[in-house]
Amino acid sequence: AAITTGKIVQAAYAVNTTEITTSADADIVTLSFTPTSASNKVILFGNCGQTRKANAGTSSAAGMTIKIDGTSTNARAQNEGYPQSESDVRGNLSCIGHDDCWSGAKTVALKSSGFGTGISFSYQSVPSTLIVLEVSV
């Protein structure tokens with residue numbers, strides 16, 4: 001269920017400035033998060049300040065998603081640079097979503113989810129950021 005009201009009880013963030021060149025399921029930035037209560041919710045936010053699509057056409061595009069211990073959430077962004085006819089296309093991606101909390105520590109990861117080759121994240125060391133907000137509902 002969507003979060004309509006609540007109070008932020010905990011926040012965590014991580015930043016990466018190392019360029020990642022890949023198309024699918026690579027870690028862009030990760031953090032370990034332990035909720036204060038399994039009955040709470042988390043708001044998830046990911047941003048890649050600069051992506052690069054090296055190849056023109058429909059054979060590649062940038063995307064990203066947020067996963068919790070490898071399980072997909074509803075936070076995703078897709079198809080940046082598709083179907084651009086130019087090569088060396090720059091852009092940025094953001095995604096936001098929410099999920100139920102859990103017990104114990106889990107890894108929250110902003111991951112690439114594009115397709116094809118020649119896709120870069122945190123291009124030219126522009127930061128990628130992952131933010132997790134725990135909300136008491």
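**Walking through the model**

A: Start with Thr51, which is placed in strand S4. Keep in mind that this is a predicted model.

Q: Is Thr51 buried or exposed?
A: Thr51 is buried, because its relative accessible area is 2% and buried means under 20%.

Q: What is Thr51 in contact with, leaving aside neighbours within four places in sequence?
A: Its contacts include Ala62, Glu80, Val89, Arg90 and Gly91. Asn92, Leu93, Ser120, Phe121 and Tyr123 are also in contact with Thr51.

Q: Ok, and Leu44, where does that lie?
A: Leu44 lies in strand S4, which covers residues 41–53. Leu44 is buried, with a relative accessible area of 0%.

Q: What does Leu44 touch?
A: Not counting residues up to four places away in sequence, Leu44 touches several residues, among them Ile66, Ile68, Cys95, Ile96, Val108, Ile131 and Val132. Thr73, Gly97, His98 and Asp99 are also touched by Leu44.

Q: How many residues apart in sequence are Leu44 and Ala75?
A: They are 31 residues apart in sequence, and their C-alpha atoms are 6.9 Å apart in space.

Q: Let's zoom out. How many helices and strands are in the protein chain?
A: The protein chain has zero helices and 10 strands. Read from the N terminus, the elements run β-β-β-β-β-β-β-β-β-β.

Q: How compact is the chain?
A: It is as compact as a globular protein of 137 residues, because its radius of gyration is 15 Å, close to the 14 Å from the globule rule. Along the principal axes, the C-alpha atoms fill a box of roughly 50 × 25 × 20 Å.

Q: What share of the residues count as buried?
A: Of the 137 residues, 42% count as buried.

Q: And what about contacts between residues at least 6 apart in sequence?
A: Among those contacts, 82% join residues at least 24 apart.

Q: Back to the strands. Which ones form an open sheet?
A: Four strands do, in the order S3-S8-S5-S6, and the pairing is antiparallel. The edge strands are S3 and S6 (71–80), each pairing on one side only. Neighbouring strands of this sheet are turned by 15° against each other on average, with direction ignored.

Q: What holds paired strands together in general?
A: Strands of a sheet pair through backbone hydrogen bonds, and the pairing is either parallel or antiparallel.

Q: How many bridges are there between S3 and S8?
A: S3 and S8 pair over seven bridges, in the antiparallel sense.

Q: New topic. How many aromatic pairs does a search of the whole structure find?
A: The search finds one aromatic pair. The rings belong to Phe33 and Trp102, with centres 6.1 Å apart and planes at 70°, so the pair is edge-to-face.

Q: Where do Phe33 and Trp102 lie?
A: Phe33 is in strand S3 (residues 24–33), while Trp102 is in the loop between strand S7 (89–100) and strand S8 (106–113), so the pair ties together parts that are 69 residues apart in sequence. Both Phe33 and Trp102 are buried.

Q: Now the core. Which residues of the largest nonpolar core touch the most other members?
A: Those are Ile66, Val108 and Leu110, in a core of 24 residues. The elements that give two or more residues to this core are S3, S4, S5, S6, S7, S8, strand S9 (119–121) and strand S10 (128–136).

Q: What is Val108 in contact with, apart from neighbours within four places in sequence?
A: Its contacts include Val29, Leu31, Phe33, Leu44, Ile66, Ile68, Trp102, Leu130 and Val132.

Q: Last one: which loop holds Ser122?
A: Ser122 is in the loop between S9 and S10. Ser122 is buried, with a relative accessible area of 0%. Its phi is near 55°, a positive value in a residue other than glycine.

Q: What is the general rule for phi?
A: Most residues other than glycine have a negative phi. Gln124 also has a positive phi, about 55°, although it is not a glycine. Gln124 is found in the loop between S9 and S10.

Methods:
Residues numbered from 1 in each chain as written. Predicted model: local features only at pLDDT ≥ 70, side-chain atom pairs only at ≥ 80, totals over all residues. Heavy atoms only, no water. Buried < 20%, exposed > 50% of the residue type's maximum accessible area, 1.4 Å probe, protein only. Contact = heavy atoms within 4.5 Å. Phe/Tyr/Trp six-rings, centres within 6.5 Å; stacked < 30°, edge-to-face > 60°. Pairing = 2+ DSSP bridges. Axes fitted to C-alpha atoms, helices over the stretch in contact; angles between N-to-C directions. Core = buried A, V, L, I, M, F, W, Y, C linked by side-chain atoms within 4.5 Å. Rg over C-alpha atoms; globule rule 2.2 N^0.38 Å.
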